[in-house]
Amino acid sequence: MLPFDGPTWLAILEQYNQAIWPLHGVAALCVLAAIALAFSGARFAGHAIGVLLGVLWIWIGLIFFGGSVAPFHFAAEELAGVFVAQGLMMVLALTVMGRGGIFGWPGGRTGVLAVVLLVHAVAAHPLLGHLLTDTPWSQLSYVGVAPAPTMLLTLALLLLALPRPPLIVAIIPFLWALVTGYMAAGLGLALEYIPATLGVAAFAVMVVRRFQRSEPWLDG
């Protein structure tokens, strides 16, 4: 059981969005920079992406969960710690340990799935929420500052890691995809099933890419 209902969750998002505005723009610039780097094929792309994603996850952990959610959720501090840990892992794995490797267009169904995740994370997630449920813009989740779209962004970029993504940094985003599905059911927010499903699908593809030498069904 969640300690709040759907309207309370939307009210939390509204309070949070109003408190951090206009930092959404800064987060959007970080997101667009990470996407551009992933498709650039630059040698330093993995390191830069690790830093950018790390900052976003740490921000959500400290400010969203540690601040806005804390008065309403008994496990907010633990969730904040998980998101901060993910951010530090992104920096450590892709930058310090140099496991970022090369990012670029993988082609095939993997590439298509990555684009679908990116489009949904950046634009479709808030747009569908506004158009289909008439939710005010101030109560929507935005990539870079809210958990679900940032989870999708992270998994999408990891799908672009060549030849295979570092699977360890995809575990927490995958778990958050499951949490998103649980929240969709518990809060009655049907549209949240979309990022949950996409997140699980992306992780499944990463597992296949990690443990199989060839994946013709992904490349076709």
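Trainee: Hi! How many helices and strands does the secondary structure of the protein chain come to?

Mentor: Nine helices and two strands. Keep in mind that this is a predicted model.

Trainee: And in what order do the elements run from the N terminus on?

Mentor: They go α-α-α-α-β-α-α-β-α-α-α.

Trainee: Why call the chain as compact as a globular protein of that length?

Mentor: The radius of gyration is 17 Å, close to the 17 Å that the globule rule gives for 220 residues, so the chain is as compact as a globular protein of that length. Along the principal axes, the C-alpha atoms fill a box of roughly 45 × 35 × 30 Å.

Trainee: Nice. What percentage of the residues count as buried?

Mentor: That would be 51% of the 220 residues. As for contacts with a separation of 6 or more, 74% of them are between residues 24 or more positions apart.

Trainee: Let's go inside. Which residues of the largest nonpolar core touch the most other members?

Mentor: Look for W9, I49, F64, F65, L117, L153 and L157, out of 65 residues in that core. At least two core residues come from each of α1, α2 (23-40), α3 (45-69), α4 (76-96), α5, α6 (147-159), α7 (171-187) and α8.

Trainee: Which of those gives the largest share of this core?

Mentor: α3 does, with 10 residues.

Trainee: Can we zoom in on L153? What does it touch, leaving out residues up to four places away in sequence?

Mentor: L153 is in contact with V31, I35, L53, L56, L118, A121 and V143.

Trainee: Now the largest pocket. What is its volume, and which residues lie nearest its centre?

Mentor: The volume is about 250 Å³. Nearest the centre are G129, T133, L140, L191 and E192, among 19 lining residues.

Trainee: Which element gives the most to the pocket lining?

Mentor: α5, with six residues. By class, the pocket lining has 11 nonpolar, seven polar and one charged.

Terms used:
Residues numbered from 1 in each chain as written. Predicted model: local features only at pLDDT ≥ 70, side-chain atom pairs only at ≥ 80, totals over all residues. Heavy atoms only, no water. 1 Å grid on protein atoms, 1.4 Å probe; cavity = no way out; pocket = protein on both sides within 12 Å on 5 of 7 lines; lining within 4 Å. Points joined across faces, edges and corners; volume = space filled by probe spheres on them. Helix = DSSP H or I, 4+ residues; strand = E, 2+ residues; numbered from the N terminus. Nonpolar A, V, L, I, M, F, W, Y, C, P; charged D, E, K, R; others polar. Core = buried A, V, L, I, M, F, W, Y, C linked by side-chain atoms within 4.5 Å. Buried < 20%, exposed > 50% of the residue type's maximum accessible area, 1.4 Å probe, protein only. Contact = heavy atoms within 4.5 Å. Rg over C-alpha atoms; globule rule 2.2 N^0.38 Å.
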